[in-house]
Amino acid sequence: YMLVEGYFLPPLSFTADEAIMLLLGSDLMRASFDAQYREAAQSAGRKIAGVLPERLREEVGYLQSSILFVVPGGGGDNAQTAMLARVRRAIVEQHTVLFDYYVRYRQKGEAANRQGSGAEGEQRKADPYGLLHVSGSWYMVAYDHARRAVRTFKLDRAERLAVLAETFSRPKGFTLGVREQESMTTVVRALFDKEVARWVQEAPSFFTVGAENRPEGLLVTLRVRHEREVLGWLLGWGRHVRVLEPGSLQRLIKEEIEKIADFYESY
């Protein structure tokens, strides 16, 4: 008779910093995922806390009660969390998914396939490679069968997602990341007044790629697929921002302002 290698393991020993990072991590996962993973995070947290010495447990408990993660829309048993669970299963089991996808703006020359998906929806078939959680929203990185390329899909814009029997193999060496930078070919430069520069940096656009303080204000550079993607964000700063380029966006903003003025003309 013999004991297999590794049968006896040294006892777990955490410092206060290590323990609080593990427990706070489980708190964040509990707030971000669906019921199955919330239960797993709670169970892991209890196990970690259970192996801590009493003094360290009290210190960690105090720190844990002093730091709170608030995840927008996280932890709800709604349609999106159910979809998230299906996507996760499809990723693990490597199954293709079919869903209706809604986009606000389309690239030039890109027509929608409206087959059975409503006036603005498009049926998409994709092989899910991974999930991203960015600014409170979930994104699925997947190989789009129609485009024959890897695309990033925001799950908030997907409906009626089904896991198909069809399987796929993820490419070797694949790394997870935002995959649509190459399609963001339009460069936007906007100059903000000094009085709002701090607040612009505090609440940047998702499409911001750079910001530079200049004597006349804050110069912000953005990269977009379509100019309208940043139209609302820019208009939100009112007279405190001036678009330097492209000229087509300057004209678009002028047209939008004129339409707003016409709307209020009768008041």
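Student: What should I know before I start?

Tutor: It's a predicted model, where local features need pLDDT of at least 70, side-chain atom pairs count only at pLDDT 80 or more, and totals for chains, interfaces and linings use all residues. Residues are numbered from 1 along each chain as its sequence is written, and side-chain values use heavy atoms, with hydrogens and water left out.

Student: Which residues touch the most other members in the largest nonpolar core?

Tutor: The general idea comes first. In soluble globular proteins, nonpolar side chains tend to be buried together. A nonpolar core here is a set of buried Ala, Val, Leu, Ile, Met, Phe, Trp, Tyr and Cys residues joined through side-chain atoms within 4.5 Å. Buried means under 20% relative accessible area, exposed over 50%, and partly exposed in between (1.4 Å probe, protein chains only). In this model the largest core has 22 residues, and Phe 192, Val 200, Leu 234 and Leu 249 touch the most other members. Two or more residues come from each of β6 (186–192), α5 (194–202), β8 (217–224), α6 (231–235), β9 (241–245) and α7 (247–264). β8 gives the most, with 4 residues. Those labels are DSSP runs numbered from the N terminus: helices (H or I, at least four residues) and strands (E, at least two).

Student: What is Leu 234 in contact with, leaving aside its neighbours within four places in sequence?

Tutor: Contact means heavy atoms within 4.5 Å. With those neighbours set aside, Leu 234 is in contact with Ala 190, Phe 192, Val 241, Val 243, Leu 249 and Ile 253. Apart from this core lies another, of 16 residues, including Met 83, Tyr 101, Ala 126 and Ala 142.

Student: How do I read a salt bridge?

Tutor: Side chains of opposite charge can pair when their charged atoms come close. The rule is a side-chain nitrogen of Lys or Arg within 4 Å of a carboxyl oxygen of Asp or Glu. By that rule you get 10 salt bridges here. Take Arg 189 and Glu 245, whose side chains meet at 3.0 Å, N to O. They link distant parts of the chain, with Arg 189 in strand β6 and Glu 245 in strand β9, 56 residues apart.

Student: Where do Glu 93 and Arg 89 lie?

Tutor: Both are in helix α4 (residues 79–93), 4 residues apart, about one turn of the helix. Glu 93 counts as partly exposed because its relative accessibility is 41%. There's also a network: salt bridges that share partners join Glu 122, Arg 124, Asp 144 and Arg 147.

Student: And how do I read aromatic pairs?

Tutor: A pair of aromatic rings is described by the distance of the centres and the angle of the planes. Rings of Phe, Tyr and Trp (its six-membered ring) pair if their centres lie within 6.5 Å; planes under 30 degrees apart count as stacked, over 60 as edge-to-face and the rest as tilted. The whole structure has 12 aromatic pairs. One of them, Phe 99 with Phe 153, is edge-to-face, at 5.2 Å centre to centre and 80° between the planes. Phe 99 sits in strand β1 (residues 95–102) and Phe 153 in strand β4 (residues 149–154), so the pair ties together parts 54 residues apart in sequence.

Student: Are Phe 99 and Phe 153 buried or exposed?

Tutor: Both are buried. Together with Tyr 101, Phe 99 and Phe 153 form one aromatic cluster.
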